[in-house]
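Subject: Structure handover

Hello,

Please find the structure below. My notes on its side-chain contacts follow it.

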Amino acid sequence: MAWFKRHAEAIGAIGTILMALSAFAAAILVPLQIAASDRTSREQAAREIYREFLNITIQRPELAASQSCPATDPLRQRAYQAYVDYLLYTAEQVLDLSPEDWRDTVAAQLAPHRAYLCGFDTGDMVAMTVQVADLVAALQTDCEMVTTDCL
């Protein structure tokens, strides 16, 4: 006990230093943990959105089919436009997280809807993320050869 009394000041200083180091480590590690948790949450949300898109595709395969935009039936036309809008939203969500992993998948999903996407103008593209707008722009090459009955 006498040793503690003799060294109380030094022990207190060491305790203060350890507490300061702990606070410093927490100040660095807590934001990293929050960022990792946020990314995990966003990845999960993007997967859920994509899963829902696939579910819609399974339930309504005619909407996913190439050249499926019906010009004569307004109800089917609205359903098709909503489907492609949801595809674009899905693309934004997954490409925002991991463009290198999702770019080819999204491009393959968008390709059958080229005729509809050829009807998009600059105003439509402004509302999209840069990555999705780039994919749509790539599909819009040679649009004069594509009929756009969807708009």
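There are 6 salt bridges in the structure, which is a predicted model. One of them joins D38 to R42, at 3.7 Å from N to O. These two residues sit 4 apart in helix α2, about one turn of the helix. R42 also meets D96 in a salt bridge, here at 3.6 Å from N to O. D96 belongs to helix α4 (residues 74-97) and R42 to helix α2, so this pair ties together parts that are 54 residues apart in sequence.

Another salt bridge is formed by R60 and E62, whose closest N and O atoms are 2.5 Å apart. Relative accessibility is 33% for R60, which counts as partly exposed, and 31% for E62, also partly exposed. Through shared partners, salt bridges join D38, R42 and D96 into one network.

On the aromatic side, the count is 6 pairs. Y50 and F53 make a tilted pair, with 6.1 Å between centres and 35° between planes. Both residues are buried, and they lie 3 residues apart in helix α2 (residues 8-59), about one helical turn.

Y50 also pairs with W102: the ring centres are 4.9 Å apart and the planes are at 65°, so the pair is edge-to-face. Because Y50 lies in helix α2 and W102 in helix α5 (residues 99-110), the contact ties together parts 52 residues apart in sequence. Y50 has a relative accessible area of 15%. Ring pairs link Y50, F53, Y83 and W102 into a cluster.

Regards

Conventions:
Residues numbered from 1 in each chain as written. Predicted model: local features only at pLDDT ≥ 70, side-chain atom pairs only at ≥ 80, totals over all residues. Heavy atoms only, no water. Phe/Tyr/Trp six-rings, centres within 6.5 Å; stacked < 30°, edge-to-face > 60°. Buried < 20%, exposed > 50% of the residue type's maximum accessible area, 1.4 Å probe, protein only. Salt bridge = Lys/Arg side-chain N within 4 Å of Asp/Glu carboxyl O.
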